[in-house]
Amino acid sequence: MPNLTSLPTSNTIAAQLWYDGVEQFFCTADSCAQSITDSNPSTWVCQNLKCTCIPNTTFCGGVPATNLTATINKLDGVLTITCDGSSTCSFGQTVLKNLFGSNGLTLSSCSFGECVRQSVIDGTSNSNTPGPTDNGNGLDTGVIAGLAVVGGLVGIALLCFVLGWLSQRKARKAASNSLSKRGGYPVEWNNVTYVIPHGRLLLGSRKSGQTVTDDKVILDNVSGRVNPGEMMAILGPSGTCLRPRAYRVRSLRIPCNTGAGKTTLIEILSKKSKNGTITGTVSHPGTGSSPRIGFVPQQDILPPTLTVSEALLFAARLRLPESVSEADKVTLVSDVMEKLGIGSLRDTRIGDVGNRGISGGEMRRVSIGLELVALPDILMLDEPTSGLWFNSSRLLSAC
């Protein structure tokens with residue numbers, strides 16, 4: 001909307017026209033004379049009209065379809081300003097009347113600083129101070145709501161960050177015995193039965209694609225107990241199928257030795273997910289909380305590019321609570337390596353088939369160490385001595 005910025009005592013008028021919150025052009029005129037009649041309470045007639053278009057605005061080149069630069073810059077002659085006393089004024093000039101109608105540029109619902117009012121005109125003869133200006137409306141309610149939402153989200157994020165930082169600091173300062181082994185957890189299982197239902201893959205036969213024609217019982221009502229501080233070993237035949245290579249795929253009726261169920265029992269006691277049906281109970285009587293169970297599988301799954309100490313320290317950092325300091329974690333890793341007899345391999349890369357590293361027996365000890373640094377209450381090991389000579393007293397010492 002047009003915005004009248006000044007009307008000083010020199011009878012010179014200056015006006016601005018705003019559109020969508022952006023100034024489009026401004027005009028000046030001088031030698032203004034006022035006349036009051038019954039039909040028009042307030043009328044001003046000014047001479048020497050001159051307007052200047054502001055480049056790259058909506059009416060001055062920013063939008064080609066509404067480019068009035070040449071027309072606005074050529075405005076001249078007599079400017080008539082008429083107000084009817086009801087906050088409605090019109091700016092009349094030959095070109096303006098051609099553009100906006102017979103009344104020229106009409107303004108309604110005017111307030112001070114937006115268009116001429118009688119009080120402004122009457123007061124200009126005693127004041128040399130320009131009136132206030134209004135460059136557009138305030139922020140839209142949608143913008144305000146968006147800013148409020150963004151501010152709220154930022155506040156929530158900062159609050160969560162502060163609470164997390166305080167919680168971490170409290171945990172690190174807490175005087176807890178996180179490195180002490182809780183222990184004291186027995187393992188008891190009663191009438192544990194594991195059955196592979198008809199149509200399922202036979203245990204250890206995924207590569208050959210063998211399936212059972214009847215329900216296959218792997219464990220049948222097995223019971224037992226291991227008290228705190230004890231180590232129990234399960235012995236039995238291997239689970240590898242013993243049949244001629246030529247018949248492994250084509251013949252499915254040749255009996256296959258599926259082993260004694262050692263791995264199956266250990267996995268059930270470790271609460272691993274199984275494909276078959278499990279019945280019976282596994283419990284830890286006399287304890288009020290669930291134990292931390294460490295499980296070492298048959299296969300060594302190790303990061304080949306890390307050194308032995310790096311792999312163990314990474315596991316300690318990942319699995320131990322925040323209350324354990326970095327120095328305590330480093331000390332724990334060193335202690336575990338010494339007890340497992342791999343202290344001399346601290347800075348040796350683990351390696352793999354294509355990159356020479358530590359031996360197979362040393363990899364086995366590293367796999368055990370990855371569970372020991374987590375300070376488990378119960379440690380389950382599936383064939384821990386495969387491929388190496390291992391002293392049971394050393395393992396008990398490490399545990």
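**Entry 1: surface patch**

I began with a nonpolar surface patch of about 620 Å², made by Leu159, Phe161, Val162, Leu163, Trp165 and Leu166. A patch takes residues with over 30% relative accessible area and no salt bridge, joining like charges within 9 Å and nonpolar side chains (Val, Leu, Ile, Met, Phe, Trp, Tyr) within 5 Å. Areas come from the Shrake-Rupley method with a 1.4 Å probe; for residues, only the protein chains shown count as cover. I placed Leu163 in helix H5 (residues 141-173). Helices (H or I, at least four residues) and strands (E, at least two) are DSSP runs, numbered from the N terminus.

I noted that this is a predicted model: local features need pLDDT of at least 70, side-chain atom pairs count only at pLDDT 80 or more, and totals for chains, interfaces and linings use all residues. Residues are numbered from 1 along each chain as its sequence is written, and side-chain values use heavy atoms, leaving out hydrogens and water.

**Entry 2: the sheet**

Next I traced an open sheet of three strands in the order E9-E8-E10, with antiparallel pairing. Two strands pair if DSSP finds at least two bridges between them. Strand E9 (216-226) and strand E10 (277-283) stand at the edges with a single partner strand each, so one side of each has no neighbour in the sheet. Strand E8 (residues 187-196) pairs with E10 over six bridges. I looked up Tyr194 and found its bridge partner in E10, Ile278. Helix H6 (residues 262-269) packs on the sheet and touches E8, E9 and E10. Contact means heavy atoms within 4.5 Å. The direction of H6 makes about 125° with that of E8. Axes are lines fitted to C-alpha atoms, for helices over the stretch in contact, and angles run from 0 to 180 degrees between N-to-C directions.

**Entry 3: salt bridges**

I counted seven salt bridges. The rule asks for a side-chain nitrogen of Lys or Arg within 4 Å of a carboxyl oxygen of Asp or Glu.

Glu188 bridges to Arg225, with the closest N and O atoms 2.6 Å apart. Glu188 lies in strand E8 and Arg225 in strand E9, so the pair ties together parts 37 residues apart in sequence. Arg225 is partly exposed, at 40% relative accessible area. Buried means under 20%, exposed over 50%, partly exposed in between (1.4 Å probe, protein chains only).

I also checked Arg364 and Asp300, whose closest N and O atoms are 2.8 Å apart. Arg364 lies in helix H9 and Asp300 in the loop between E11 and helix H7 (308-319), so the pair ties together parts 64 residues apart in sequence. Arg364 is buried at 2%, whereas Asp300 is partly exposed at 28%.
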